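Hi,

Here is the structure I promised to pass on. Have a look at it first, and my notes follow below.

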Amino acid sequence: MEHGSYQDQSQATFSLTDEDHTLANSLRFTLNQDPRVTFCGYSIPHPSDARVNIRVQTTGDPASEVLKDSCQDLMLICQHVRSTFDQAVVEFKNKNSLDAINIGP
Amino acid sequence: MGVDNSLRLGHFRDNFRVEVVRLTEDDMEFDMIGIDASLANAFRRILLAELPTMAIEKVLIANNTSVIQDEVLAHRLGLIPLKVDPRMFEYMSENDVPNEKNTIVFKLHSCCERGSSRIKVLSNELQWLPRGSELTVSTEKPAVDPTSRPRTYTSFNCSQDSLPEFSNNPIGPKHDDIIIAKLGPGQEIELEAHAVKGMGKTHAKWSPVATSWYRMLPEVVLLQEIEGEIAEELVKKCPVKVFDIEDIGKGRKRATVARPRSCTLCRECIRPDGKEKEKEQRIYWDKYVALRRVKDHFIFTIESTGALPPEMLFTEAVKILEDKCERVITELS
């Protein structure tokens with residue numbers, strides 16, 4: 001849900017339901033990395049409600065576009081983390097099985 | 001996406017590293033270098049609360065004459081970790097009928113004979129029923145069709161052990177020696193337990209990790225060259241032996257930081273000397289040693305309860321964060 005103005009699309013507050021610090025803090029981090037963003041932050045109006053308000057103010061681009069780009073960036077970061085992790089696990093397992101063979105009976 | 005975004009992503013890709021330190025069947029420790037604290041925390045939160053597992057939820061008690069109350073027994077059964085891949089099953093909502101795709105049924109029937117000593121009911125006595133519930137639903141009106149099978153609490157269309165995943169490895173608790181209850185002579189427990197899929201958010205029994213945590217790598221920096229007697233004193237101060245002595249020729253000794261990773265930040269090395277020394281000889285160590293944490297180096301530890309191996313748990317957690325982003329993108333479009 002986007003709360004903004006039809007005239008000025010560069011500032012908006014996005015209210016996401018069923019979300020908490022997990023996604024909101026990560027999104028805030030990727031939003032801050034974007035040079036088009038002048039201000040971004042998140043708040044949780046009440047801890048019993050699973051709702052997060054993310055405020056984005058940009059240098060002119062529509063805020064929803066910038067948020068979408070940040071989500072895609074976060075997805076790319078996650079994919080890279082996953083592939084690096086899988087590779088590291090495979091390398092570790094290979095190295096250990098090699099060690100086991102080298103140690104011998 | 002502008003040029004600037006891709007530059008950042010490239011920078012992340014170049015600097016991000018993962019190093020596995022320890023990997024066993026149930027736990028793992030690995031280092032993530034070059035990632036931000038918000039992402040590391042997001043992974044930790046997802047591992048604890050948003051990865052699904054199977055755990056016993058409904059317990060149908062036919063007979064319980066033990067000292068353990070029904071609800072306490074049901075609570076204990078719920079906390080038993082089950083060795084089953086939750087990705088094989090679907091969630092069950094309120095209106096769903098329990099069937100072979102969303103429920104696992106266990107039976108427990110244990111009694112202690114009169115005259116024998118007390119027995120312990122262990123988790124290996126939980127018997128898996130691949131064909132579903134055996135307890136029949138009692139109705140007031142007599143069965144219209146006497147040849148039809150009586151209605152039970154679940155409606156399995158096929159037996160679960162006909163599925164390839166379960167045909168050779170039966171479903172059961174991860175540990176066989178968990179004490180569920182103790183029975184005295186003449187006491188009996190007869191019950192059926194239904195396990196469903198859930199997330200740690202709803203109840204901690206559905207959390208797939210015993211726990212998972214991260215700490216940032218401690219950084220111990222020597223602000224000045226520490227030689228001779230003072231070096232020996234410093235090495236002796238540290239309870240986990242972070243410092244070491246290095247010989248630099250002509251019999252002179254210097255202190256170096258050998259094992260910063262084992263530092264527990266107890267700050268013993270920067271505590272100024274107290275009454276054990278004379279006032280003139282007291283050293284203020286904080287001008288020799290600085291203690292910090294490296295802001296983007298996380299030492300992650302994951303201890304699995306047994307449903308999935310820890311490396312698969314982390315991969316699933318990252319996938320869940322991707323799914324969350326995808327959901328936001330579709331909501332915005």
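What share of the contacts in chain B with a separation of 6 or more comes from residues 24 or more positions apart? Such residues account for 74% of them, where contact means heavy atoms within 4.5 Å.

A word on the source: this is a predicted model, in which local features need pLDDT of at least 70, side-chain atom pairs count only at pLDDT 80 or more, and totals for chains, interfaces and linings use all residues. Residues are numbered from 1 along each chain as its sequence is written, chains are lettered from A and ligands numbered from 1 in the order in which they are written, and side-chain values use heavy atoms, with hydrogens and water left out.

Now the overall build. Chain B has 6 helices and 12 strands (DSSP runs numbered from the N terminus: helices are H or I with at least four residues, strands E with at least two). Its radius of gyration, taken over C-alpha atoms, is 29 Å, well over the 20 Å that the globule rule gives for 333 residues, so chain B is more spread out than a compact globule. That rule is 2.2 Å times the number of residues to the power 0.38. Along the principal axes, the C-alpha atoms fill a box of roughly 100 × 70 × 35 Å.

There is also an open sheet of 4 strands in chain B, with antiparallel pairing and the order 3-8-4-6; two strands pair if DSSP finds at least two bridges between them. Strand 3 (52-64) and strand 6 (127-128) of chain B each have a single partner strand, so one side of each lacks a neighbour in the sheet. Strand 4 (residues 104-111) and strand 8 (residues 188-199) of chain B are joined by 8 bridges, and B:Val105 has B:His194 as its bridge partner in strand 8.

Best wishes
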